[in-house]
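Could you walk me through this chain, starting with the overall picture and then zooming in on a few spots? A quick tour will do.

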Amino acid sequence: MKAKKLFLTALIMILALSAVFANGSSESSKSEITMWSMWNAAEPQGKVLQAAAEAFEAQTGTKVTIEFKGRDISQIIMTALESGEDIDLFEDDYNRICNSYKDYCLDLTAMAAAADYAGQSYACFVNQDKVWTGKMVSIAEQPQIGGIWYNKDAFDACGITETPATWDEFLEVCQILKDNGYEPLALDSAYANFNVGYHLDRRIGEAVTTELTKNGGWSKNAGAIAAGNDLIEFVKKGYLASGAPDEYPSGQNKIGLGNAVMVVCAQYVCPEVNNATGKQINWGYFDYPVIPAEEGGTGLAGAYGGANSLAIPAASKNAQAAFDFALFLTSGEYDQMMADQAEQIPADPANKAPGMLDGTVEALVATELPLSWTMGLNTNSGLTPSIKNICIELFEGKFSTGEQFAAALDALY
C-alpha cells in the first residue's frame, strides 16, 4: 500500500513537471511578451514589426503582442515604467533610453555577451550606451547617420570625381557647382543648429561646444569665432540655395524640385526628398569636412549617429524572450526587410543598406563614438530655442563677423 502511494506521488510530480516544461518552465518565461512600438501599424516599420512577430511566434512558440503607440511614446513611456506596467520591450530614441529611462531598464550586458551581440551590431552605439550608463540598456534597431548628402548626377555633370574631405576642398566643390549653374547647399531653418553644430565640432570639438552651450564664454573662444567667420564667408560667397534658410521641407526639396545639390542632415532626408518631389535622386554621402589642426581646427572627423532602439523594462517577467525577439528583429531577414521597406540603414552591419544609402553601413562601422544631435548645441534646454534662432540668423547674413555671432550667443547668458 505504501509503495503504491509512493508510485502515485511520483507519477503526479512527473506529470506536473511535464506540464511546467511544456508551458515554458517558469513564470519568467511566459509564452507571450508585450511590446510598445513608436510606429503605427500602417507604416512600413509597423508592417515589418508585425511580420517579424508572426515569424517569431511560428519559430519559438512565443507570441509577441505589439501595441502601436506612435511617436507619442516618449510622452507616456516614463509613467508606464514608473508604474511597472506589463511591458516586456519598447522602442524609443536611444539617447532618451540611456539618459532618461536607464534606471527602469534591464542591464543587457550578460545576455548580449551570451548571444555575441557585438558580432551583429555597431560598436559605436554599444560604446556610447556604456559611456552614458556604465552598462548596456539599449539595442540599436534603426540606426541613423548624419553628414552631407548630395546628388551624384550633379557632381558628375560638373566633373567632380572625388568627394571633399577638408573644408577648403568643400569650398572648392561649392564654387565648381556654382560656376556650373547649381546652388551648392540646401538648408531648412529646422536644421540650422545641426549645420552650425557640425562646423563647431570641426573647429573646437563637441566637448567644448557643450561646455560653451551650458555656461557661455563664446567670445573668449577663438575657435568658436573662427567657426562663425567660416560660415559667414560661406553665405557671402553665395553657396546657399536661394531663400535659405527655408521653412522645412522647402529647402531640402530644392534638390528634387530645383537645382540645389547638397544638404547637411541625417539619412532620412533621402527618402523624404524622393517621396515629396517624386524624383529618384541618385544620392551619395560624405562626412562633414575636416578642418586640419594646422588651420585652427581639431583635425578630427566623426559623424552624428543616432538610433531608434529597443529596451527591456527591469520589471519584465519574460526578459530573455524579449531579448531574443529584439535580436530576431535587428538581425538577419527581418532587419533586412526593415532596411528595404522603411528605407533605413540596417541594424546588422552584415545586411545591406538601400541603394540611396550606400556607404552608410561602412561609415557607422568606422565610427568609434557617434556625435550627438547638434554636437552639443542642445545641451542647455532653457536656451536651445534661442541658440537655434541665432544659428538661423547666422545663415540669414545678420552677422558681419564671427565676433558678432559669438557676442549674440553670450548675450543669452
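**The whole chain**

Bear in mind that this is a predicted model. The chain is built from 18 helices and eight strands. Of the 413 residues, 54% are buried. If you take contacts between residues at least 6 apart in sequence, 76% of them link residues at least 24 apart.

**Helix 17**

Helix 17 covers residues 384–395, and its length checks out: at 1.5 Å a residue, twelve residues should span 16 Å, and the end C-alpha atoms sit 17 Å apart, which agrees. The buried residues here are Ile387, Ile390, Cys391, Ile392, Glu393, Leu394 and Phe395.

|---|---|

After helix 17 comes Gly397, with a positive phi near 85 degrees.

**Helix 2 against helix 15**

Two packed helices are described by the angle between their axes and the distance between those axes. Helix 2 (residues 44–60) packs on helix 15 (residues 332–341) at about 165 degrees, and their axes are 9 Å apart. Since an angle over 145 degrees counts as roughly antiparallel, helix 2 is therefore roughly antiparallel to helix 15. The crossing of this pair is right-handed. Helix 2 brings Pro44, Gln45, Val48, Leu49, Ala51, Ala52 and Ala55 to the contact, while helix 15 supplies Tyr334, Met337, Met338 and Gln341. Sorted by type, the residues in the contact of helix 2 with helix 15 are nine nonpolar and two polar, with no charged ones.

**Thr34**

Last stop: Thr34, which lies in strand 1 (residues 32–37). Is Thr34 buried or exposed? With a relative accessible area of 11%, Thr34 is buried, because the cut-off for buried is under 20%. Leaving out residues up to four places away in sequence, Thr34 touches Thr65, Glu67, Asp86, Ile87, Asp88 and Leu89.

Technical notes: Residues are numbered from 1 along each chain as its sequence is written. This is a predicted model: local features need pLDDT of at least 70, side-chain atom pairs count only at pLDDT 80 or more; totals for chains, interfaces and linings use all residues. Side-chain values use heavy atoms; hydrogens and water are left out. Helices (H or I, at least four residues) and strands (E, at least two) are DSSP runs, numbered from the N terminus. The expected span of a helix is 1.5 Å times one less than its number of residues. Buried means under 20% relative accessible area, exposed over 50%, partly exposed in between (1.4 Å probe, protein chains only). Axes are lines fitted to C-alpha atoms, for helices over the stretch in contact, and angles run from 0 to 180 degrees between N-to-C directions. Angles under 35 degrees count as roughly parallel, over 145 as roughly antiparallel, 65 to 115 as roughly perpendicular and the rest as oblique. A crossing is left-handed if the near helix is turned anticlockwise from the far one by less than a right angle, and right-handed if clockwise. Contact means heavy atoms within 4.5 Å. Ala, Val, Leu, Ile, Met, Phe, Trp, Tyr, Cys and Pro count as nonpolar, Asp, Glu, Lys and Arg as charged, and the others, Gly among them, as polar.
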